[in-house]
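Subject: Structure handover

Hello,

Here is the structure for you to look through. My notes on it follow below.

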Amino acid sequence: MTDKKPVKIEVGPRSKPVVPLVSSYRPKQCLERFWLDLVEDKSLRNEEDPFMVELAKLGNAHEARGQEHLEQGGQAARIECFEKTTTAKFTKMVDEARLSKHAIIVSDESGRGEQLAQHATHALCENPGEVSLIWNAHLRPWRKTANGYEWGGRSGKPDALVRDKIRGGAQRWNPVDYKAHRALEKTGKVRTWKTSPLTDHRSTSDHTAAGPFKESDAMQLAHYVEMLTFHGLEGNGTGGIVGVDFGQDAHTIVWVDLNEKLYDRGRKSAMELYAEKYAEARAVAECGSKRRKGEEVSAITRPEWKSECKTCVWREHCQERLIESDDTTLLAGVTVKVARALRECGVDTVAKLARLDIATAQILDHKVEELDVLVADARSMRQYANSPVGAAISGPDAKVEDVLVKHNVTTVGALAALDLETAKMPAGVNLVAHIDQARVVDYARRKKMAHIFRARGVHAVSIPRGNVEIHTDMEEDGIIYCWGNYLSWRNPSTGKLRTSYHAFVTFERTDAEEARVFAEYWAFLQEWQNKAAEKFGVDTFKVFHYTQAEDRCMRHLAKKHAGAAGVPSIEEVDAFLASEAWVDLYPILTKSLVWPTDDHSLKSLAKYVRFMWRDTDPSGANSTLWYQKASDPNLSDDERKIWQTRLLQYNEDDVQATAALVDFVDRFTKVYDMTKKLPPVEDLEPRYRRGALTKV
Ligand code: SF4
């Protein structure tokens with residue numbers, strides 16, 4: 001098997017590809033970012049977001065653990081691909097690697113290092129000998145043809161390729177990638193997944209857990225499959241992720257069939273979804289290549305504000321452009337999908353959205369399709385203006401007629417009087433709420449004063465209060481490690497308000513510790529519920545939380561740690577969560593009120609009521625990084641203590657923030673002077689009614 005002579009290293013095409021290559025990250029990222037990276041002045045970029053830098057470090061550390069695990073297994077051969085590696089030495093290393101189960105490619109990323117790494121990857125893929133896993137694979141973005149070289153359009157380096165069965169006389173390979181997050185998001189249905197150890201990928205076991213398999217990871221694996229296909233090396237269409245589902249050091253591959261229709265509500269497979277995204281990315285690359293050559297081409301992408309923007313290097317550049325263009329994606333609740341649907345119908349600014357007609361939008365929200373056609377038809381039937389509205393509905397469609405009549409559109413004339421511009425908008429996108437949000441923001445901009453309004457149809461905002469109150473917030477990172485609580489109660493004899501912070505927390509990443517802190521948290525809730533009942537009577541105890549994350553985690557822990565000391569049964573948890581004591585503030589605050597804020601996050605709302613976090617950079621994302629450090633056994637006790645303190649202060653401020661929000665809203669509900677009450681959003685109607693628009 002061992003070659004006698006050094007091989008000739010294939011260096012590939014001399015020139016760069018005409019169209020920039022699409023890397024494995026592009027199809028899962030914002031395409032505007034790809035465009036800006038290709039054509040925009042780099043000085044307009046922000047610094048890399050510290051969170052993303054830390055995340056990249058965690059990802060690299062997780063990959064490094066993977067390599068170490070293979071090295072420690074004693075079945076891996078190392079192939080060093082450095083600038084100074086001679087061809088003879090390289091040939092020997094590749095030949096010797098063929099006798100091992102695992103081959104580890106190490107490259108210094110120099111020009112020659114890269115060529116050697118690519119050569120080693122392809123030499124082993126085509127003629128693996130005993131090798132069943134290639135670590136740090138460098139797939140070539142080009143292939144050799146009878147006429148020279150051909151570029152494949154993609155670039156990418158899977159962390160590992162594992163050998164599949166020989167098909168069509170050729171060796172076949174499947175990609176595996178290391179990710180410092182869970183492969184399974186645990187938000188969907190429970191099902192069975194195949195798993196196997198990294199060191200023995202053919203030995204599979206069944207793992208029953210909630211999915212879905214993270215879409216962005218599946219996209220990246222699909223990208224590698226297409227790269228393998230370009231070289232005729234693709235396997236059976238599966239790919240694997242080694243995440244932290246089983247702990248950082250478990251090195252367990254979770255497999256996914258990339259051709260199974262797991263995405264877009266079961267309509268598309270990862271390969272199909274990827275094909276669409278790749279085609280879009282490729283179009284951006286082609287457009288960018290023309291622009292770089294000086295051709296006059298318009299951008300085919302545009303900025304759209306979404307969660308990805310917060311950590312993107314172009315965030316300020318895009319935000320400035322979005323503010324300037326008054327883009328609707330800047331509105332809380334308006335997703336990119338809704339903004340696109342509105343744009344297609346001619347509404348691309350907050351100001352235009354604010355000016356749509358509520359009465360017409362209310363009908364659209366009942367999913368009446370093609371309302372504009374109905375309105376136009378009614379307008380052509382002037383002579384039947386007093387006829388019942390059904391006369392203008394072809395079909396006839398009883399459901400549509402019913403919706404119209406319920407909204408006082410009982411005659412053809414009333415239908416004709418609806419606003420045609422609004423009637424062109426998409427149906428079933430919660431248009432009334434978006435119009436109200438746009439009006440509150442537009443009004444704040446014009447008046448240079450941001451006001452909160454009561455949501456449409458809400459006469460009073462009331463938050464149930466207790467004599468004993470706890471504001472609670474859970475923190476998780478692989479394990480649910482903290483239950484933080486801000487307790488407040490008034491001493492009945494002295495009338496003095498008592499407040500204190502209680503955190504049930506562990507910095508050891510074990511199931512036993514997770515169960516212990518949950519049991520302590522549960523005991524704390526029971527203790528104060530009993531005390532409240534004793535001192536103040538029934539229904540005097542409230543626990544406030546923001547969103548249903550805590551519900552999900554309590555149920556999960558009750559099932560996971562069933563039978564552990566102090567852990568409540570799922571029935572006990574369900575009964576408590578269904579009781580009057582458990583109060584989710586999110587629907588109360590976001591459905592009853594319209595905030596002039598960018599989003600409905602706790603941070604944005606609390607900031608509006610002037611609550612300040614002590615930390616300079618508070619966020620849920622950052623807290624996961626702090627926890628990594630707070631629980632890192634490689635750091636000293638003192639170093640860990642610093643991160644632990646930061647984390648607990650952040651949690652304490654989170655629970656005090658919800659308390660500040662409750663107090664703020666309560667102040668308005670208690671006042672008797674109507675001018676000091678929160679105004680209803682309906683008060684804005686006269687300013688935005690068509691015909692009155694010039695007065696806004
Ligand atoms: S800031 Fe947002 S829109 Fe702009 S490039 Fe980044 S992700 Fe895309």
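**Helix 1 and helix 6**

Helix 1 passes helix 6 in a right-handed crossing. Bear in mind that this is a predicted model. Helix 1 covers residues 31-39 and helix 6 covers residues 270-292. The two pack at an angle of about 20°, and their axes are 9 Å apart. That angle is under 35 degrees, so helix 1 runs roughly parallel to helix 6.

On the helix 1 side, the contact is made by Leu 31, Phe 34, Trp 35, Leu 38 and Val 39. Helix 6 brings Glu 280, Ala 281, Val 284, Gly 288, Arg 291 and Arg 292. By class, this contact has seven nonpolar, one polar and three charged residues.

**Helix 5 and helix 6**

Helix 6 also packs with helix 5, residues 215-230. Here the angle is about 80°, with the axes 9 Å apart. Helix 5 and helix 6 are therefore roughly perpendicular to each other.

Helix 5 makes the contact with Ala 218, Met 219, Leu 221, Ala 222, His 223 and Val 225. From helix 6 come Ala 270, Met 271, Leu 273, Tyr 274 and Lys 277. The classes are nine nonpolar, one polar and one charged.

**Helix 3 and helix 4**

Helix 3 (residues 87-97) packs with helix 4 (residues 111-126). The angle is about 30°, and the axes are 11 Å apart. The crossing of helix 3 with helix 4 is right-handed.

Phe 90, Val 94 and Ala 97 of helix 3 take part in the contact. Their partners on helix 4 are Leu 116, Ala 120, Ala 123 and Leu 124. By class, the contact has seven nonpolar residues, no polar and no charged ones.

**Around the ligand**

Which residues surround the ligand? They are Cys 30, Glu 32, Arg 33, Leu 36, Pro 303, Glu 304, Glu 308, Cys 309, Cys 312, Trp 314, Arg 315 and Cys 318. Helix 1 and helix 7 (315-324) are the elements that give two or more residues to this shell. The largest share comes from helix 1, with three residues.

By class, the shell has seven nonpolar, no polar and five charged residues. It also draws on two domains: at least three residues come from each of domain 1 (26-277) and domain 2 (307-454).

**Domains**

The domain assignment gives domain 1 (26-277), domain 2 (307-454) and domain 3 (468-676). The centres of domain 1 and domain 3, taken over C-alpha atoms, are separated by 40 Å. Even so, there is contact: four residues of domain 1 meet five residues of domain 3. On the domain 1 side, the touching residues divide into three nonpolar, no polar and one charged.

**Backbone details**

Two loops deserve a mention. Where is Pro 212? Pro 212 lies in the loop between strand 9 (205-210) and helix 5. A cis peptide bond joins Gly 211 and Pro 212, with omega at about 0°.

His 251 lies in the loop between strand 10 (238-242) and strand 11 (252-257). Phi of His 251 is near 50°. That is a positive value in a residue other than glycine.

**In short**

Helix 6 packs with helix 1 at about 20° and with helix 5 at about 80°. Helix 1 also gives the ligand shell three residues.

Best wishes

Definitions and conventions: Residues are numbered from 1 along each chain as its sequence is written. This is a predicted model: local features need pLDDT of at least 70, side-chain atom pairs count only at pLDDT 80 or more; totals for chains, interfaces and linings use all residues. Axes are lines fitted to C-alpha atoms, for helices over the stretch in contact, and angles run from 0 to 180 degrees between N-to-C directions. Helices (H or I, at least four residues) and strands (E, at least two) are DSSP runs, numbered from the N terminus. Angles under 35 degrees count as roughly parallel, over 145 as roughly antiparallel, 65 to 115 as roughly perpendicular and the rest as oblique. A crossing is left-handed if the near helix is turned anticlockwise from the far one by less than a right angle, and right-handed if clockwise. Two residues are in contact if their C-beta atoms, placed from the backbone, lie within 7 Å. Ala, Val, Leu, Ile, Met, Phe, Trp, Tyr, Cys and Pro count as nonpolar, Asp, Glu, Lys and Arg as charged, and the others, Gly among them, as polar. A residue is near a molecule or strand if its C-beta atom, placed from the backbone, lies within 6 Å of it. Domain bounds come from an automatic or database domain assignment.
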